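Let's take a friendly walk through a protein model together. Keep the picture in view as you read, and look for each part as it is named.

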Amino acid sequence: HFGDENVVVTTDLLTEGIHFNLMYVPLKHLGYKAVVVNLSDVYAMNATPRQITVSIALSKRFDLNAVEQLYEGIHMACENYGVDLVGGDTTSSLTGLTISITAIGSAPKEKLVYRSGARVNDLLCVTGDLGGAYMGLQLLERENEVFKVNPKTQPKLEGYDYILQRQLRPEARKDIVEAFRTMGIQPTSMIDISDGLSSEILHLCKNSKLGCHLYEEKIPYDDQTKAMASEININPLVAALNGGEDYELLFTLPLSDFDKIKNDPDISVIGHMTSPEEGAVLVTTGGSLIPLVAQGWNHMEKQD
């Protein structure tokens with residue numbers, strides 16, 4: 001209970017081999033990212049994160065130095081986002097490393113934003129650029145395969161620092177939530193993009209009981225994302241729709257707020273909400289309508 005503000009709670013579990021690969025993920029980055037992904041969920045409710053708890057299970061192959069590196073990343077994230085680490089637990093494990101973080105945030109009741117408040121004709125907006133974390137992951141996976149075959153090779157990562165950072169050390173959009181207050185904006189619905197644009201849009205549509213039009217040519221990409229996509233011969237649209245881990249905010253706004261955001265370089269209008277009968281569709285550059293499907297980042301499905 002923070003004064004007269006409402007409290008929000010979110011929790012996330014990261015497991016070695018499913019959510020991260022320690023062949024190429026530095027422990028310090030992992031600690032940082034584990035905190036950020038939880039804070040991102042708090043910002044997605046238009047709230048301010050206040051505290052976290054951290055619980056870690058690790059096997060004997062992790063020495064004290066490894067634990068210290070992990071916590072160094074955790075503390076750095078707490079410092080950057082003004083959050084207090086207030087507790088948790090460390091235990092031994094037989095299978096590797098598991099990190100569970102709970103984040104506690106708060107906001108005045110009238111400022112909280114849910115996934116369910118969008119209305120017909122609301123603008124569908126996204127922050128930053130998409131697909132970068134997924135392309136960073138493709139790059140790391142590729143270089144890791146090369147390394148396994150020939151451990152003497154140096155990984156070829158030049159020119160891709162941005163997408164690597166998007167994957168290894170993402171940031172949550174604290175700045176946007178603060179900007180909303182400055183601009184006098186209250187999103188009608190909001191979610192963070194942890195599982196790919198497609199499935200997150202479907203969450204907003206389902207919870208708000210609406211359809212939407214998403215315009216292919218409006219989706220924002222960084223140049224490195226496009227470069228990596230062409231290098232491995234995939235459409236960056238696939239990375240944006242299905243990749244996940246971008247931790248950008250996807251939100252809806254009333255049309256009347258368009259003037260407040262139209263010149264903001266950090267916010268792109270990528271579509272609008274429609275009646276439920278129209279369904280959630282991608283409007284391609286050629287003008288055809290394709291139903292959006294949730295092919296997002298689902299760790300359960302990935303095992304097949």
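## Helices, a sheet and some ring pairs

Start with helix α1, residues 27–43, which lies across strands β6 and β8 and runs at about 175° to β6. Keep in mind that you are looking at a predicted model. Helix α6 (residues 197–208) also lies across β6, running at about 150° to that strand. The other strands that α6 lies across are β5, β7 (211–215), β8, β9 (267–274) and β10 (280–283).

Now turn to the sheet itself. In what order do the seven strands of the open sheet come? The order is β6-β8-β5-β9-β7-β10-β11, and the pairing is mixed. At the edges stand β6 (189–192) and β11 (289–291); each has a single partner strand, so one side of each is left without a neighbour in the sheet. From one strand to the next, the twist averages 25°.

As a reminder, strands of a sheet pair through backbone hydrogen bonds, and they can do this in a parallel or an antiparallel way. Strands β5 (residues 123–127) and β8 (residues 249–253) run antiparallel, and four bridges join them. To find one place where you can look closely, pick Val-126: its bridge partner in β8 is Leu-250.

Next, look for aromatic rings.

| Ring pair | Centre to centre | Angle between planes | Arrangement |
|---|---|---|---|
| Tyr-43 and Tyr-81 | 6.3 Å | 45° | tilted |
| Phe-180 and Phe-251 | 5.0 Å | 75° | edge-to-face |

Where do the partners of the tyrosine pair sit? Tyr-43 lies in helix α1 and Tyr-81 in helix α2 (residues 64–81), so this pair ties together parts that are 38 residues apart in sequence. Are these two tyrosines buried or exposed? Both Tyr-43 and Tyr-81 are buried.

The phenylalanine pair brings us back to the sheet. Phe-251 lies in strand β8, while Phe-180 lies in helix α5 (residues 174–183), so the pair ties together parts that are 71 residues apart in sequence. Phe-180 has a relative accessible area of 0%, so this residue is buried. Phe-251 is buried too, with a relative accessible area of 0%.

Arg-169 lies over the face of Tyr-32, at 4.0 Å from the ring centre.

Terms used. Residues numbered from 1 in each chain as written. Predicted model: local features only at pLDDT ≥ 70, side-chain atom pairs only at ≥ 80, totals over all residues. Heavy atoms only, no water. Pairing = 2+ DSSP bridges. Helix = DSSP H or I, 4+ residues; strand = E, 2+ residues; numbered from the N terminus. Axes fitted to C-alpha atoms, helices over the stretch in contact; angles between N-to-C directions. Contact = heavy atoms within 4.5 Å. Phe/Tyr/Trp six-rings, centres within 6.5 Å; stacked < 30°, edge-to-face > 60°. Buried < 20%, exposed > 50% of the residue type's maximum accessible area, 1.4 Å probe, protein only. Lys NZ or Arg CZ within 6 Å of the ring centre and 35° of its normal.
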